[in-house]
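Dear colleague,

Please find below the structure that I am handing over to you. My findings follow after it, arranged by region.

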Protein chains: 4
Amino acid sequence: MYDLPTLEPIRRYKSIAVLTSGGDAPGMNPAIRGVVRTALHHGIKVYGVQRGYSGLINGDIHVLSSKGVSNIVQKGGTFLKSARCSEFHQATIRANAASQLRKLGIEALIVIGGDGSLTGAHLFEEETGLPVIGIPGTIDNDIFGTDDTIGFDTAVNTALNAIDKIRDTADSHERYFLVEVMGRSSGFLAVHVGIAAGAEMIAVPEFAVDVEAISLQLATSKRKGLGSSGIIVVAEGNAPGLTNRIAEQMAHHGHTPYVSILGHIQRGGHPSGHDRVLASCLGAKAVEYLLAGYSDMMVGVNQGQVVDVPLDNLTRYRKGLDPELLKIALQLHK
Amino acid sequence: MYDLPTLEPIRRYKSIAVLTSGGDAPGMNPAIRGVVRTALHHGIKVYGVQRGYSGLINGDIHVLSSKGVSNIVQKGGTFLKSARCSEFHQATIRANAASQLRKLGIEALIVIGGDGSLTGAHLFEEETGLPVIGIPGTIDNDIFGTDDTIGFDTAVNTALNAIDKIRDTADSHERYFLVEVMGRSSGFLAVHVGIAAGAEMIAVPEFAVDVEAISLQLATSKRKGLGSSGIIVVAEGNAPGLTNRIAEQMAHHGHTPYVSILGHIQRGGHPSGHDRVLASCLGAKAVEYLLAGYSDMMVGVNQGQVVDVPLDNLTRYRKGLDPELLKIALQLHK
Amino acid sequence: MYDLPTLEPIRRYKSIAVLTSGGDAPGMNPAIRGVVRTALHHGIKVYGVQRGYSGLINGDIHVLSSKGVSNIVQKGGTFLKSARCSEFHQATIRANAASQLRKLGIEALIVIGGDGSLTGAHLFEEETGLPVIGIPGTIDNDIFGTDDTIGFDTAVNTALNAIDKIRDTADSHERYFLVEVMGRSSGFLAVHVGIAAGAEMIAVPEFAVDVEAISLQLATSKRKGLGSSGIIVVAEGNAPGLTNRIAEQMAHHGHTPYVSILGHIQRGGHPSGHDRVLASCLGAKAVEYLLAGYSDMMVGVNQGQVVDVPLDNLTRYRKGLDPELLKIALQLHK
Amino acid sequence: MYDLPTLEPIRRYKSIAVLTSGGDAPGMNPAIRGVVRTALHHGIKVYGVQRGYSGLINGDIHVLSSKGVSNIVQKGGTFLKSARCSEFHQATIRANAASQLRKLGIEALIVIGGDGSLTGAHLFEEETGLPVIGIPGTIDNDIFGTDDTIGFDTAVNTALNAIDKIRDTADSHERYFLVEVMGRSSGFLAVHVGIAAGAEMIAVPEFAVDVEAISLQLATSKRKGLGSSGIIVVAEGNAPGLTNRIAEQMAHHGHTPYVSILGHIQRGGHPSGHDRVLASCLGAKAVEYLLAGYSDMMVGVNQGQVVDVPLDNLTRYRKGLDPELLKIALQLHK
């Protein structure tokens with residue numbers, strides 16, 4: 001695990017709220033638990049908001065107890081439920097939401113979610129003045145300012161587990177498989193899964209897919225007796241159907257790979273040990289940052305340490321793939 | 001496990017061969033091991049044929065040793081490789097294949113595979129006189145004459161494991177999921193998976209899918225406060241794209257379920273304990289049946305016992321779903 | 001799955017109760033769900049008794065709803081809790097327990113548990129006249145009259161999963177491992193696990209362990225170059241410490257195997273697909289047998305069919321290992 | 001994953017060797033693969049040494065090909081085998097080993113192993129002048145100078161998986177379990193597993209175990225209705241039998257916890273995604289460090305980056321538990 005900062009409490013809060021927003025990620029439950037237990041430890045009352053920002057708008061907000069977060073550390077998804085909420089894009093709606101919280105005496109909000117959810121959190125804080133801390137929770141690990149996000153490690157393991165099974169059939173039938181993993185704009189998941197699966201090739205949204213080159217390499221590999229089966233990991237990209245299109249184009253070059261779209265299984269499942277510890281720590285530190293007077297920030301990971309990242313940064317920059325990691329992927333999988 | 005017959009050896013064989021054919025199924029490896037070790041125990045030489053009937057035609061046939069089948073009991077797929085082989089539909093090709101075997105002094109053949117592969121085995125025996133024993137290996141469990149097939153139990157567990165993950169997202173987002181499992185002409189896998197997953201509904205090829213009824217039930221369930229999320233298990237059926245079509249039709253009734261196609265992960269993975277024991281026993285008994293003078297039969301399971309089933313029967317009858325099991329599925333999932 | 005009987009309802013019940021007793025087994029939850037949903041389907045009120053027979057004595061009994069058994073099908077253990085209850089060995093206590101049930105208008109009891117628990121159920125019925133149906137739930141599969149019990153299949157898979165991991169170290173370090181699995185008086189679990197794990201040897205309580213013979217075989221195997229690592233599965237037997245004693249005795253013959261006691265992990269975990277379907281069916285049929293006028297019986301499995309087994313039989317006979325299965329174990333693992 | 005250094009090759013090697021030493025750890029195989037494929041990419045011949053330093057002494061050394069390390073990325077243990085080798089503690093033996101390598105024209109050695117193995121590597125380099133690079137491979141994560149070691153992440157997940165199962169029984173029977181995990185002198189594994197499992201208490205070798213305090217807390221928790229079941233994670237410590245002794249002492253305070261010793265299952269199993277990527281990167285970078293002119297160092301992880309750590313340091317300092325992590329463990333688990 002990462003080094004953890006020592007934070008001195010300088011502010012007091014009577015009541016805070018926590019919510020999960022956007023796509024669910026394994027580890028959201030231990031993150032909520034981390035928030036709740038740490039807050040109670042400091043004598044702060046904690047409210048859980050149901051269904052992300054929707055619950056904020058509808059006032060679907062309830063007190064959470066220490067016992068209420070027992071036995072959830074190992075469960076996938078989020079027991080507070082989650083939702084995407086387009087209404088929250090409107091400033092008037094956000095103002096309303098702040099009133100809901102203030103009506104209940106809630107003085108700060110902790111938001112667990114991905115890029116979009118944390119951007120919403122930033123606007124909410126800026127406009128309403130209500131202190132907000134974000135916790136990065138998404139299987140895509142594509143949030144700028146943090147090297148890790150809750151759910152990413154679990155998703156890598158889930159995808160790998162599926163690919164280990166698929167390889168049985170690939171080997172038995174001497175076929176190539178195109179395996180599509182999540183990742184609309186980033187190839188983080190695909191690269192990690194690809195290296196870990198010993199994939200023969202990896203296609204990521206950061207680079208154009210060259211079907212001709214792929215096909216050529218397969219043909220060469222077969223001719224040289226280096227094997228006629230294998231796994232090609234494909235990040236789904238922005239336009240649905242990418243992997244099937246690649247398969248069709250490969251058919252023009254004489255290859256007939258099978259296609260397997262991993263889909264929603266990547267979101268669920270028991271969180272891995274890493275994600276449970278990470279989530280527990282980020283949840284605990286989110287509360288401690290609040291008490292140390294911080295706001296409008298995300299509890300992120302940088303250079304092996306848990307740090308504060310201004311929420312503002314998330315919208316300004318975009319995270320890139322490590323070229324050294326890509327290089328290793330290329331060198332090892334031949 | 002099932003009761004096992006006691007068989008007296010009355011015939012002698014010097015050399016036999018074993019192959020795996022058609023779609024791979026977890027447990028084929030322990031079945032091969034069962035054949036090899038039992039044959040060697042009886043002083044019979046065993047050959048492994050590569051790539052199913054293709055290897056028979058091409059003479060891709062090698063001697064197997066006891067050590068050569070060590071440490072494969074837990075591996076998915078088939079180390080002899082498998083393939084579908086359309087040429088084997090021709091009688092002249094089958095005659096050639098028999099010559100290949102006889103040239104090597106091989107006196108009998110054990111075929112591990114599904115419906116089509118075992119039908120081919122029957123024709124082969126009928127035409128060439130070479131004794132053949134079949135072992136049912138398919139995740140579909142759709143072979144007439146046997147209550148169980150190697151790979152079915154593992155596939156149920158694999159599908160369940162995936163659905164347990166999907167349910168995390170279904171619950172967190174309060175959505176319904178249509179989960180497509182394998183099963184072109186039979187709903188065995190779908191019914192077992194559906195009952196075991198506590199699915200809200202199950203669609204099988206044996207009955208027409210009534211999208212209107214499904215949609216109505218979802219609406220009723222929501223209105224009554226019985227939940228607004230769940231899993232609907234769909235057997236893939238004969239025409240590709242069924243599950244997506246159901247989703248589109250449900251959209252006309254105001255529902256927007258997510259779709260998850262489990263696909264090839266269902267074929268692979270470590271065989272379950274049940275499938276490893278079943279495969280070991282069927283492999284061992286296949287050899288013992290040969291020695292007891294049997295031929296042109298499949299080692300199947302009936303009324304809790306391992307029995308001989310004439311291969312002839314497979315083509316004449318079709319296995320049906322147990323109506324009592326369907327009734328239970330309906331009663332429990334509401 | 002097994003064939004299911006068709007049963008005609010001839011009796012009416014207004015209220016019944018269900019409890020889980022003795023060691024917990026994975027699949028007890030879907031069995032409870034099967035009982036509850038089927039009873040509700042027939043218009044019967046269902047009560048859940050907490051902590052086995054203790055809850056019966058203390059009147060810790062509550063109504064169960066259809067929703068209350070939602071989302072438990074995949075969970076290990078038993079949500080009704082379980083306990084061993086020595087007081088229930090006294091007839092006066094059993095009479096008291098019956099009064100507790102009658103006070104609540106409960107007319108019949110369904111007991112999910114092992115040998116001891118079902119024997120208690122038989123006495124209870126005999127003495128108090130309150131109809132009782134038993135459901136076999138134990139990972140040991142050692143109940144006379146039924147070929148299968150809820151939890152056995154899962155325990156086999158759990159033990160295998162552990163042994164697959166242990167084999168990594170055995171292979172890497174070229175060592176033998178003695179792996180102790182559950183089974184005080186019966187070797188069912190050990191034999192199934194041993195065959196499925198490809199174990200080099202299996203020690204069961206039904207036969208005396210011959211350490212000298214084991215040691216000799218290891219030495220021979222090493223000398224012949226057949227391998228110097230492997231797995232020896234040992235059923236725990238009646239006297240604690242058996243496996244460590246075997247290890248000590250082997251040391252006198254120059255072998256230093258590692259010891260791994262699998263212990264309690266074998267009881268827990270998500271029930272396998274097989275156990276979930278079996279439990280669902282036995283739970284449903286338990287209620288249907290009641291309605292068909294049966295009592296003082298266990299819903300068991302025989303010759304591939306779900307059948308009624310007089311509870312009386314359980315105490316009279318003892319289940320034996322299939323000698324054919326043992327023979328296969330011996331022939332395959334060399 | 002961690003940031004990776006960019007290294008410029010300034011030296012040439014014709015042949016290098018790689019070995020795995022000490023206790024096996026999941027991820028050693030992808031580390032070997034990382035070494036082999038990267039070396040071949042740079043035109044270097046790679047030898048694999050069997051059984052750690054023993055193979056070095058006996059000259060059990062063979063050339064490795066790219067294909068020879070195919071399909072091992074997902075396998076536990078080490079295909080080069082491993083052993084503890086007490087002879088290597090003698091300087092004359094180490095000198096002999098160097099001759100063995102030089103005889104084959106091998107110019108450098110990469111050692112994958114734990115504390116003791118890497119200390120041996122340091123002495124070997126110092127005395128013989130043969131360049132050595134170490135890769136930290138141990139499930140204990142107790143090597144000074146690196147925040148992470150190959151196998152740790154997998155071991156955390158394996159232990160968690162077992163505890164998730166044990167919790168089913170703990171909950172069903174309302175009992176406490178003392179679960180012993182590996183860790184002779186360090187509590188890293190215990191703390192991570194404890195936080196991730198939501199354990200009620202954690203005992204580590206860094207602090208004396210206070211059985212009275214534990215017993216008191218259990219009694220308080222029960223009295224307050226906060227639950228009467230749970231998990232106490234215990235690191236094994238230096239003296240065998242610690243966990244059983246704690247259980248006996250707790251009995252004097254009126255508690256009868258069950259004991260579960262996880263044992264060797266923690267060493268094996270498929271490496272996790274994290275460990276596969278880490279191992280692949282460390283393997284690749286070990287070769288690149290060699291080419292960049294480094295020696296007598298370990299490829300470690302510090303502040304989120306892969307860095308070079310002088311092997312010398314390992315013997316001088318001892319790694320400590322992060323007090324902030326312990327604090328979080330205490331605050332969350334009540």
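**A buried arginine in chain C**

Arg276(C) counts as buried, because its relative accessibility is 2% and the cut-off for that word is under 20%. Please bear in mind that this is a predicted model. Arg276(C) belongs to helix α9 of chain C, which covers residues 273-291. Leaving aside neighbours within four places in sequence, Arg276(C) has contacts in two chains: Leu160(B), Asp164(B), Ala196(B) and Ala197(B) in chain B, and Pro30(C), Val73(C), Gln74(C), His270(C) and Pro271(C) in chain C.

**The sheet of chain A**

In chain A, 7 strands make up an open sheet with mixed pairing, and their order is β3-β2-β1-β4-β5-β10-β11. At the edges are β3 (61-63) and β11 (305-310) of chain A, each of which pairs on one side only. On average, neighbouring strands of this sheet are turned by 30° against each other, direction ignored.

Several of the pairings can be followed strand by strand. Strand β1 of chain A (residues 15-20) pairs in the parallel sense with strand β2 of chain A (residues 45-49) over 4 bridges. Within that pairing, Ile16(A) has Val46(A) in β2(A) as its bridge partner. β1(A) also pairs with β4(A) in the parallel sense, over 5 bridges, and here Ala17(A) stands opposite Leu109(A) in β4(A). β4(A) in turn pairs in the parallel sense with strand β5 of chain A (residues 132-136) over 5 bridges. The bridge partner of Leu109(A) in β5(A) is Val132(A).

How many residues of strand β4 (residues 108-113) of chain A are buried? The count is 6 of 6, and the strand is mostly covered. Ala108(A), Ile110(A) and Ile112(A) point one way from β4(A), while Leu109(A), Val111(A) and Gly113(A) point the other way; all are buried.

**Two helices of chain A**

Helix α3 (residues 91-103) and helix α4 (residues 115-128), both of chain A, have axes that come within 10 Å and cross at roughly 75°. α3(A) is therefore roughly perpendicular to α4(A). On the α3(A) side the meeting residues are Ala91(A), Arg94(A), Ala95(A), Ala97(A), Ala98(A), Leu101(A) and Arg102(A), and on the α4(A) side they are Gly120(A), Leu123(A), Phe124(A), Glu127(A) and Thr128(A). The residues of this contact between α3(A) and α4(A) comprise 7 nonpolar, 2 polar and 3 charged.

**A strand residue in chain B**

Is Ile61(B) buried or exposed? Its relative accessible area is 8%, so Ile61(B) is buried. Ile61(B) lies in strand β3 (residues 61-64) of chain B. Not counting residues up to four places away in sequence, Ile61(B) touches Tyr47(B), Gly48(B), Val49(B), Gly55(B), Leu56(B), Leu101(B), Leu104(B) and Ile106(B). One of these, Leu101(B), is 40 residues from Ile61(B) in sequence, and the two are 8.6 Å apart in space, C-alpha to C-alpha.

**Where chains A and D meet**

In the interface of these two chains, 51 residues of chain A are in contact with 51 residues of chain D. Between them, chain A and chain D bury about 4,200 Å², with 51% of it on carbon and sulfur atoms. Glu324(A), Gln331(A) and Leu332(A) are the residues of chain A that lose the most area to chain D, together 14% of what that side buries.

With kind regards

Note on methods
Residues numbered from 1 in each chain as written. Chains lettered and ligands numbered in written order. Predicted model: local features only at pLDDT ≥ 70, side-chain atom pairs only at ≥ 80, totals over all residues. Heavy atoms only, no water. Buried < 20%, exposed > 50% of the residue type's maximum accessible area, 1.4 Å probe, protein only. Contact = heavy atoms within 4.5 Å. Axes fitted to C-alpha atoms, helices over the stretch in contact; angles between N-to-C directions. Parallel < 35°, antiparallel > 145°, perpendicular 65-115°, else oblique. Nonpolar A, V, L, I, M, F, W, Y, C, P; charged D, E, K, R; others polar. Pairing = 2+ DSSP bridges. Buried area = accessible area lost by both parts, 1.4 Å probe.
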